[in-house]
Amino acid sequence: RESAYIKVFVLKSQEPVSVAALGTIRVSNLKTRSIDYERTDSKVVFSADKVMTPVLVESTSNWVEINGVRYRGMAELHNVMGSISVINVVRLDDYLFSVVPSEMSPSWPAEALKAQAVAARTYAYYHILKKRSDLYDLDATTNFQVYKGVAAEKAESTKAVTETAGQIMTYENKPVLAFFHSTCGGATIDGKYVWSGEDLPYLREVRCPYCAKSPYYRWEESLSMPELKRCISARYNVGQIQGISFDRFHGRVIDATIRHRNGTLKISGNDFRQMFPEKRIKSMYFSAAKKGKNFLFEGRGWGHGVGMCQYGAKGLADKGAEYKKILQYYYRGVSIDTISR
């Protein structure tokens with residue numbers, strides 16, 4: 001295929017949305033392809049009632065500015081239940097120019113950045129093929145990969161994307177679901193212990209002594225019972241909490257059982273981690289004990305622990321490993337292939 005395009009959900013707004021660009025800006029009806037508006041160096045403001053049919057906004061400058069945030073490529077605007085949904089339609093590698101420095105420090109070694117570029121490209125390409133939504137392939141948040149537009153781009157990470165152009169990881173000739181995370185804390189974990197569903201053979205536990213310099217390698221957090229109750233109640237209907245216990249695999253929490261006045265709630269370790277704000281419970285690799293009126297969590301790592309450990313990739317690069325070796329260390333049995341461009 002030609003250089004792949006990706007559709008990224010970047011904004012949902014009930015308020016009017018402004019789209020600006022240099023050069024000629026063109027607004028087209030996405031269904032009829034007729035041009036509704038064309039002008040030079042201008043800004044167009046869209047309200048939901050004016051977007052009854054989807055529109056495409058493009059410019060000769062090859063970027064658009066959406067509510068002041070600049071993105072490469074074009075923008076689609078859709079009216080979804082009275083709100084405007086904005087989709088950035090952008091070439092895959094142009095998208096990665098922003099993703100890679102948003103996910104990994106551009107000051108890190110070049111080989112770590114290349115590993116991140118290939119992992120992020122693979123993850124994106126997997127979702128392009130999966131086509132989870134009619135409107136978009138993925139969104140711009142940690143639900144998928146962080147994407148902040150042109151402002152995030154840095155020369156070092158752009159070079160990593162360019163030097164790995166078109167490269168993705170495959171397993172049995174199919175793009176892999178290339179999960180990655182900040183810090184594993186000494187070992188990654190099989191994907192099946194984090195998310196229910198398919199047991200993917202390339203997402204297997206790997207020993208990782210390379211992330212020990214991460215500031216998140218070890219952490220502590222103390223939470224009071226009222227805080228625990230508040231965080232759990234925000235997602236689940238529970239009564240007064242009477243006790244919490246955990247099931248573990250190789251030190252990581254895979255299930256949490258919460259006993260409360262109205263019964264028992266059992267959730268996955270990853271769901272338990274994500275109940276708490278501001279990354280207070282940074283990983284599922286923790287022990288917990290009652291200390292007076294509080295729960296003390298002592299943990300290792302940051303993130304879900306599946307796939308590539310980013311601080312581990314940095315550690316391997318610091319030791320001279322090149323990016324393909326880094327990727328094949330964290331993703332079992334994968335090949336590095338080039339998608340046709």
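1. Basis. The model is predicted, and local features need pLDDT of at least 70, side-chain atom pairs count only at pLDDT 80 or more, while totals for chains, interfaces and linings use all residues. Residues are numbered from 1 along each chain as its sequence is written, and side-chain values use heavy atoms, with hydrogens and water left out.

2. Overall dimensions. The protein has seven helices and 22 strands, these being DSSP runs numbered from the N terminus (helices H or I, at least four residues; strands E, at least two). For 341 residues a compact globule would have a radius of gyration near 20 Å, and the 22 Å of the protein agrees with this; the radius is taken over C-alpha atoms, and the globule rule is 2.2 Å times the number of residues to the power 0.38. Along the principal axes, the C-alpha atoms fill a box of roughly 65 × 50 × 35 Å.

3. Largest pocket. A pocket here is an open set of points on a 1 Å grid over the protein atoms alone, where a 1.4 Å probe fits, with protein on both sides within 12 Å along at least five of seven lines, and lining residues have an atom within 4 Å of a point. The largest pocket has a volume of about 970 Å³, a volume being the space filled by probe spheres set on the points. Its lining comprises 32 residues, of which Glu103, Thr142, Phe180, Lys279 and Gly303 are the closest to the centre. At least two lining residues come from each of helix H1 (92-103), strand S14 (180-181), helix H5 (269-274) and helix H6 (310-318), and H5 gives the largest share, three residues.

4. Second largest pocket. This pocket holds about 220 Å³ of space and is lined by 13 residues, with Tyr5, Ser59, Asn62, Gly73 and Met74 nearest its centre. Strand S3 (24-29), strand S6 (55-59) and strand S10 (83-91) are the elements that give two or more residues to this lining.

5. Three-stranded sheet. An open sheet has the order S13-S12-S22 with antiparallel pairing, where two strands pair if DSSP finds at least two bridges between them. Strand S13 (174-175) and strand S22 (335-338) are the edge strands, each pairing on one side only. Strand S12 (residues 167-171) is joined to S13 by two bridges, and tyrosine 171 stands opposite lysine 174 in S13. Helix H2 (residues 110-130) packs on the sheet and touches S12 and S13, contact meaning heavy atoms within 4.5 Å.

Conventions
Axes fitted to C-alpha atoms, helices over the stretch in contact; angles between N-to-C directions.
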